[in-house]
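Student: Could you take me closely through one part of this model, the nonpolar core and what surrounds it? I would like the cut-offs stated as you go.

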Amino acid sequence: MQDNFPELSLDRSNCTEISWIESVLYFAGMSINESEALLGRTQQSKSFFKAKSDYVTKPISEAGLEGLWQTLIEVEAYLILTPYGGKMSEISDSETPFPHRIGNIFGIQYMVTWDDGKETEKHVGGMRRLYDYMEPYVSKSARGAYLNYRDLDLGRNNACNTSYGQASIWGLKYFKNNFRRLVHVKTLVDPGNFFRNEQSIPVFPSI
């Protein structure tokens, strides 16, 4: 960081080294020393949030970043950037269901939170505006999304009769070319589509 971004004046006192489970507590707004709290089944936070995701394959221009900062301020959102490369780039897209590996510089999670339910429309609209702004700067054909940051804006299943074409709208974003293979597997192991959710893998219709 000192070599590439000396203007940040970052030193060790700005960083906290914690375990993965401590990071879960940290992001949940809990004390990192109270892991027993995770055994509770009651939601502690009463706030709302909206999240979306993207993958960046080419450096974002300075002008693009300046517009991004301005939009973040206006919509009161923030980013979580996850670096890719390294070992991730040594695993082919088709080796596991998760395909977003080679060629990605980093992933983005966009997040906005609020406490008053009356502000939901405002903040969800702001998040969608931020997502629209980023379209020229992120992956394309299809624009990628991270499976664990579920985004129902991308579409959702009907009760249990979603077609392959409809599910492809979000399936290709999450799984790229692995999506069709996953539908084949789903059709073999769960032809009745018993295991399903808003964006689950569909099954091919029986002939």
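Tutor: Tyr-110 touches Lys-50, Ala-51, Lys-52, Ser-53, Asp-54, Tyr-78, Leu-79, Met-127, Leu-130, Tyr-131, Met-134 and Val-138, leaving aside residues up to four places away in sequence, where contact means heavy atoms within 4.5 Å. This is a predicted model, in which local features need pLDDT of at least 70 and side-chain atom pairs count only at pLDDT 80 or more, while totals for chains, interfaces and linings use all residues. Residues are numbered from 1 along each chain as its sequence is written, and side-chain values use heavy atoms, with hydrogens and water left out.

Tyr-110 is also, with Ala-77, Leu-130 and Met-134, among the residues with the most contacts inside the largest nonpolar core, which has 27 residues. Such a core is a set of buried Ala, Val, Leu, Ile, Met, Phe, Trp, Tyr and Cys residues joined through side-chain atoms within 4.5 Å, buried being under 20% relative accessible area, exposed over 50% and partly exposed in between (1.4 Å probe, protein chains only). At least two residues of this core come from each of helix 2 (62-75), strand 3 (106-114), helix 3 (120-133), helix 4 (164-175) and helix 5 (178-189); helices (H or I, at least four residues) and strands (E, at least two) are DSSP runs, numbered from the N terminus. Strand 3 gives the most, with five residues. Because domain 2 (48-134) and domain 3 (155-206) both contribute residues, the core lies between them, the domain bounds coming from an automatic or database domain assignment.

Glu-76 lies in the loop between helix 2 and strand 2 (78-83); Glu-76 has a positive phi of about 60° although it is not a glycine, and at 46% relative accessibility it counts as partly exposed.
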